[in-house]
Amino acid sequence: MESGSFDPRQWQLQGKGEAAADKPAGGGSLPEFWQATAAGSPGSPAERSQTTTPSPRGAPSKRLLPYAASLAILAIAAVAAVVQRQTPHEAASQPISKVGSEPMTAAPVRAPGSIERAMSLSSASELAGALTSAGVPGPEASAATAAAAAALNQPGEIHAVLTLSPDGTGMHLQRLQASYADGSGATVDRKDDGTFGANRVAADLTRKIQVIRGELDSESFYSSAVAAGLTDSLVPEFINAFAYDFNLASEVQPGDTFEVAYEQSVNGRGEAVGAPQLLYASLTTRAKSKALYRYVPPGGQPAWYDGNGGSIKRGFMRTPIDGARISSKYGMRFHPVLHYTRLHAGVDFAAPIGTPIYAAADGTVSTASPNKCGGNWVIIDHDKGMQTRYFHLSRYADGLHAGEHVVQGTTIGYVGVTGTCTTGPHLHYETLIKGEHVDPLSIPVDTGTANRLDGAALQGFMRERDRIDVTRAKQAY
Ligand SMILES: [Zn+2]
């Protein structure tokens, strides 16, 4: 690929390597912001953030952020922060250490001389073993585990805090607080008669919106977005949102600006639970500016809309493939294989083998079988005598067949080098109107107003838009 080419997959590879020095290990799964919120949120004592304990199996323990760093990040949330965070390796090599209180419910009545230990377990089944490793006698560990069992019956990692009282015979368990990532779990207390009683703890998830603003660097949108603090898994969503409005390979320059808002479920410890969801994306170039909101209409699918509730879906996608570089335009040219001058009846998008190819608009597949020159090709018939053709696919999307109805954006196959009329991996893409070839890049895109939301869907959209905008305003510079 030439420099300046646009391929999200390659960028991800490059980006991960380049960003490694600036990014904490394991970055991407837990955005730094949420770690910051954990340590800095009201009611969560900073002192507990300093140390943590490894799991008995050496699994990565929860990484907690030093308080000072969290304040810095909260102050400049839009700036890519260098976050002090333990790597899994470092965490696993630390000895078990004491941490401060973990206020899940009412503060426990702690006997003088008692100590607390926190640990992360890969599942509830490790609880009894972890208790005995902490010095709790076997029968006591079994009894406490049995008391908690009904509330700890899901799979998944568990965060446990033990309150222990040492005496001449060992460690005695006073209290066990065990919770899943969503905050649900159990609190087990020793009763006066020495048995254990458990209370179920409900999930404690809140959804938070985070806003990130940034400027495109000279490398790529990917590296710019990650440098600004965007979780890398959200970058492809951003790119897809703008597939209709921008050719990100040619219309974007260093200095152009972007903004994203995404939502993340956060547990009571401030840790991200589940995947983040992009809610808003805007892009401003020297030539134009576009802001998009994600919305799920009643009974519909999630989609992107402009601020007035107009769908971004167009008659045809400008590019039926993610951000590929145009390697040959429509028009007369010397054919490198056939060796004579002829009309190049489509546009070539150079992209790595395996890059997904999308149906450019809703339509019906009329051909999905190999052709000598075109290789594995697909023809889709659309409204108004329009037809699109996709050549040289390495393979078809699973199950794709003639007669199948596809909606815009459906993956129909993958970039390849099949057929006799190709010299390298690319998509040769043709558009025809009533049987006549036209330049795919010349097809006018309508404004999307035909797909504007109305009625209850529009009302719902405006509420969602306002919810996002209020948060964006609060997180202004
Ligand atoms: Zn071609």
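Author: Arg175 is buried, with a relative accessible area of 9%. Buried means under 20% relative accessible area, exposed means over 50%, and partly exposed lies in between, with a 1.4 Å probe and protein chains only. This is a predicted model, so local features need pLDDT of at least 70, side-chain atom pairs count only at pLDDT 80 or more, and totals for chains, interfaces and linings use all residues. Residues are numbered from 1 along each chain as its sequence is written, and side-chain values use heavy atoms, with hydrogens and water left out.

The partner of Arg175 is Asp189; their side chains meet in a salt bridge, N to O 2.8 Å. The pair links distant parts of the chain: Arg175 sits in strand S3 and Asp189 in strand S4, 14 residues apart. A salt bridge here is a side-chain nitrogen of Lys or Arg within 4 Å of a carboxyl oxygen of Asp or Glu. Strands (E, at least two residues) and helices (H or I, at least four) are DSSP runs, numbered from the N terminus. Asp189 counts as partly exposed, at 24% relative accessibility. In general, side chains of opposite charge can pair when their charged atoms come close.

S4 (residues 185–190) and S5 pair in the antiparallel sense over 6 bridges. Two strands pair if DSSP finds at least two bridges between them. The hairpin of S4 and S5 has 5 residues between the strands. There, Gly194 takes a positive phi near 90°.

Strands of a sheet pair through backbone hydrogen bonds, either parallel or antiparallel.

Glu464 counts as buried at 17%, and Arg467 as partly exposed at 34%. Arg465 forms a salt bridge with Asp466; here the closest N and O atoms are 3.3 Å apart. Arg465 counts as buried at 19%. Asp466, at 38%, counts as partly exposed. Shared partners join Arg207, Glu263, Glu464 and Arg467 into one network of salt bridges.

Next, the covalent link. The structure holds 1 disulfide, where a disulfide is a pair of cysteine sulfur atoms within 2.5 Å. Cys373 is joined to Cys421, S to S 1.9 Å. The torsion about their S-S bond is about -130°, so the disulfide is left-handed. The pair links distant parts of the chain, 48 residues apart. Cys373 is in the loop between strand S16 (363–371) and strand S17 (375–381). Cys421 is in the loop between strand S21 (411–414) and S22. Cys373 counts as partly exposed at 29%, whereas Cys421 is buried at 14%.

Last, the metal. His344 (NE2), Asp348 (OD) and His428 (ND1) are the protein donors of the zinc ion, lying 1.9 to 2.2 Å from it. Their spacing in sequence is H-x3-D-x79-H. Asp348, in strand S14 (residues 347–350), and His428, in S22 (residues 426–433), link distant parts of the chain, 80 residues apart. Donors are N, O and S atoms within 2.8 Å of the metal (3.2 Å for Na, K and Ca); water is not among the atoms, so sites may look incomplete. Asp348 counts as buried at 5% relative accessibility. His428 is buried as well, with a relative accessible area of 9%.
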